[in-house]
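Visitor: I would like to learn how to read the features of a model such as this one. Could you take me through them one at a time?

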Amino acid sequence: MGKSLAYFTRQIYSAFQNIQEVNCKPFLTSEVEPVSSLEEFTMATKTLTHYWNGSAHTGSGTPIDRLSPSTGELITKIPDATPADVDAVVAAARNAFDKGPWRHMSGMERAKFINALADEIEANIDELAIYEAQETGKPLSLARSDVGGSANLFRYAASHAMQMHGDVHTNLGKGFTGLVTRVPVGVTALITPWNFPLLLLAQKLPFALAAGCTAILKPSELTSTSTVMVAEMAKKVGIPDGVVNVILGYGNTAGQKLIEHEDVDFISFTGSTRTGRAVIEASKLHLKRTSMELGGKSANIVFADAVIDDAIDGVMFGVLFNNGECCVSGSRLLVEEKIADEFVAKLAKRMSEVQVGDPLAGGSQIGPMIHSGHLDAVLGHITKATSQGAVIATGGVQVKSGDLSKGYFVAPTVVDKVTEKHDIFHDEVFGPVLAVTRFNGKEEAIRIANATKYGLAASVWSKNIDTALDMASELHAGTVWINTTIDGSPQLPGGGVKESGFGREMGQAGFDEFTEVKTIQIRTGARNRYFG
Ligand code: NAD
């Protein structure tokens, strides 16, 4: 018998009660009770629609079926946008930017709306978390933590709406004044991937809104529900129609038409480096500004003087967080030779004890890969690594026990004895797969850490402050963590260098991406005439 979402929400609500609000370590600390009633019901399949001008639009595109990565059941149906749908959504955002009240409101007023949206997100935390967990395959406890983190990002961005200001230059000579102002960049296309649908949206949308921009949200076709819900919530809290819009569908249909559209002023893109290149290519057409949050192959670098148990926990967290499907995943371990054997043995044992399971069931610490093709790709990376001479210390296989055989689960995997010659040293696997390389001394650690095309993040584990800070200054990465990993706060910008992208999200730098600098020059009194 199918039961309603409200019933389902009530059932698991009590399971949430014991979860402590954690920023980023729920999968290792989760206390969620098993939801025994889960098997008694199935959730109704959701049918989503595009959203523009404050209302839902079914469009005429072919529907796309999203199957659960845990069970293979149909969970969501979304329309694939036609070119006409994209034209309509862009027209809505353009009109709202050019003629609507949003960019003319005081920052204080915009902040009120953004804070109201944060409240609304928080009020719907359970429903949002269920959909996020169901569509992405991340454990429910982590999905819930993502929702809380998203509300925090909205609140932080609201403070920028109030503080947006420029500079006045009054020392340019008598009768000459310069105003350096900040204005919204315009109509923004916010394109997000499937691994953190809501959280990554929250790194973009409230900052765009705070600056006075209008937005077209383009979620992944695999994980669209939370994005549509946020657009509906924007309407509910009174954000004017046309300010927050959603276009659904595949990247090569909805996405491609959107990035080529001449009425879009700015593209904020998060996704793979491959798609990032396509976005940059399309942006050349009308010379659009872009920001690129792309892939990574980040290293956890462990020195012999680290607190070893902390480092082991950090390395596990780094590679298993969000099922290993995380841009800043610590998917490489560089470990100092003199502790390497002992470290890897202890780590492999702990990794083999991690609970792999249904994301909606209590106790699961990692869930399935996002889809069957990705499962095959992850297993393919492991097979290739062993064929090239690397050694599996634990895992390396699909988990198929019991009901898990219906989904795309991979055992936490440690691939040891990896060198720069192995493809797994360089390739973003995007799964619970750690590649281990040994080093001798700081100089070698720096060289090996930097020997990839990516530059998103790195973590250093050492109790020697000289070592830690030298490493931080030499690593090619947008973020360096010292004695921690995948930490963060809305105040701190994130982003990459090299093929991990450019531009920043969060913090002042993240807000500035959504603004243009406009200079106003004023002459008072008699002007020195050039032609007399
Ligand atoms: P993806 O590049 O396949 O897709 C990302 C988004 O782009 C989706 O919404 C997709 O529909 C859209 N898209 C695809 N082709 C497009 C096109 N031609 N034009 C416009 N839009 C298009 O990425 P994914 O598989 O969804 O996500 C995984 C990737 O995202 C990984 O490489 C990961 O490292 C990266 N990522 C980066 C960050 C970061 O902050 N740097 C964060 C999360 C994920």
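Guide: Start with K417, in the loop between β16 and α15. Helices (DSSP H or I, at least four residues) and strands (E, at least two) are DSSP runs numbered from the N terminus. The model is predicted, so local features need pLDDT of at least 70 and side-chain atom pairs pLDDT 80 or more, while totals for chains, interfaces and linings use all residues. Residues are numbered from 1 along each chain as its sequence is written, and side-chain values use heavy atoms, with hydrogens and water left out.

Visitor: What is the phi of K417?

Guide: K417 has a positive phi, about 60°, although it is not a glycine.

Visitor: Is K417 buried, partly exposed or exposed?

Guide: The general idea is a scale: buried means under 20% relative accessible area, exposed means over 50%, and partly exposed is in between, with a 1.4 Å probe and protein chains only. K417 has a relative accessible area of 45%, so it is partly exposed. Compare M506, which also is not a glycine and has a positive phi, of about 70°. M506 sits in the loop between β20 (501-502) and α18 (507-512). Its relative accessible area is 14%, and therefore M506 is buried.

Visitor: How should I read a salt bridge, and how many does the structure hold?

Guide: A salt bridge is a side-chain nitrogen of Lys or Arg within 4 Å of a carboxyl oxygen of Asp or Glu. The structure holds 25 of them. In one, K349 pairs with E353, and the closest N and O atoms are 2.7 Å apart. K349 counts as exposed because its relative accessibility is 54%, whereas E353, at 44%, is partly exposed. Another joins K284 to E281, with 3.0 Å between the closest N and O atoms.

Visitor: Which residue meets E420 in a salt bridge?

Guide: R447 does, with 3.1 Å from N to O. This pair links distant parts of the chain, 27 residues apart: E420 is in the loop between β16 (413-416) and α15 (423-426), and R447 is in helix α16 (residues 441-449). E420 is partly exposed because its relative accessible area is 31%. R447 is partly exposed too, at 45%. Salt bridges can also share partners, and in this way E337, D341, D416 and R438 are joined into one network.

Visitor: Now the ligand. How many residues surround it, and which are the closest?

Guide: A residue is counted as near a molecule if one of its heavy atoms lies within 4 Å of it. Here 26 residues surround the ligand, the closest being T192, Q256, T275, L294 and E428. By class, the shell has eleven nonpolar, eleven polar and four charged residues. Nonpolar covers Ala, Val, Leu, Ile, Met, Phe, Trp, Tyr, Cys and Pro; charged covers Asp, Glu, Lys and Arg; the others, Gly among them, are polar.

Visitor: Which element gives the most to the shell around the ligand?

Guide: That is α10, with four residues. The elements that give two or more residues are α10 (251-260) and β11 (266-270).

Visitor: Which residues form a nonpolar patch on the surface?

Guide: A patch takes residues with over 30% relative accessible area and no salt bridge; nonpolar side chains (Val, Leu, Ile, Met, Phe, Trp, Tyr) are joined within 5 Å, and like charges within 9 Å. Here I465, L469 and I482 form one, with about 270 Å² of accessible area together. L469 belongs to helix α17 (residues 465-474). At 48% relative accessibility, L469 is partly exposed.

Notes: Accessible areas come from the Shrake-Rupley method with a 1.4 Å probe; for residues, only the protein chains shown count as cover.
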